[in-house]
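Welcome! Take a look at the structure below, then work through the exercises one step at a time.

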Amino acid sequence: MYYKFSGFTQKLAGAWASEAYSPQPVVSTEAPPIIFATPTKLTSDSTVYDYAGKNKVPELQKFFQKADGVPVYLKRGLPDQMLYRTTMALTVGGTIYCLIALYMASQPKNK
């Protein structure tokens, strides 16, 4: 069997004798020229924008680190409680649904 180097897969591939003995074009090892060689804008030329808002991080850190016995995921009151309870209800409901589906799938069908 005859083999030739495949430029597409970069591996040896089976070939006919006429293809195996014919010369292949030489591939250049030089890097191709850069097509989009436009100069880039330096960061020192860019405009600096000041943030107009107040930094709320220290206040939020004090709020969430306050030792009042409430878990962090419930610190903000009613919206956090509703989200937590909805998540728990969906989790429990989904677990029950999966268990019922497994039970029904495990029972043989009656003819």
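**Exercise 1. Find out whether Gln10 is buried or exposed, and where Gln10 is placed.**

Step 1: Start with accessibility. Gln10 has a relative accessibility of 51%, so Gln10 counts as exposed (exposed is over 50% relative accessible area, buried is under 20%, and partly exposed is in between, with a 1.4 Å probe and protein chains only).

Step 2: Now place the residue. Gln10 sits in the loop between strand E1 (2-5) and strand E2 (12-15); strands (E, at least two residues) and helices (H or I, at least four) are DSSP runs numbered from the N terminus.

Step 3: Check the backbone. Gln10 is not a glycine, yet its phi is positive, near 65 degrees.

A word on the ground rules: this is a predicted model, in which local features need pLDDT of at least 70 and side-chain atom pairs count only at pLDDT 80 or more, while totals for chains, interfaces and linings use all residues. Residues are numbered from 1 along each chain as its sequence is written, and side-chain values use heavy atoms, with hydrogens and water left out.

**Exercise 2. Count the salt bridges and describe the partners.**

Step 1: Recall the idea. Side chains of opposite charge can pair when their charged atoms come close.

Step 2: Apply the rule. With a side-chain nitrogen of Lys or Arg within 4 Å of a carboxyl oxygen of Asp or Glu, the count is two salt bridges.

Step 3: Look at one pair. Lys54 and Glu59 meet at 2.8 Å, N to O. Lys54 is exposed at 60%, whereas Glu59 is partly exposed at 43%.

Step 4: Turn to Asp68 and Lys75, whose side chains form a salt bridge at 2.8 Å, N to O. Here Asp68 is partly exposed, at 41%, and Lys75 is buried, at 11%.

**Exercise 3. Describe the surroundings of Lys75.**

Step 1: Lys75 belongs to the loop between helix H2 (57-65) and H3.

Step 2: Leaving aside neighbours within four places in sequence, Lys75 is in contact with several residues, including Phe63, Phe64, Val70 and Asp80 (contact means heavy atoms within 4.5 Å).

**Exercise 4. Which side chain of opposite charge is nearest to Asp80?**

Step 1: Find Asp80 in helix H3 (residues 78-106).

Step 2: Asp80 is buried yet has no salt bridge, and Arg76, the nearest side chain of opposite charge, is 5.6 Å away (Lys and Arg count as positive, Asp and Glu as negative; His and the chain ends are not counted).

Step 3: Beyond neighbours within four places in sequence, Asp80 is in contact with Tyr73, Leu74 and Lys75.
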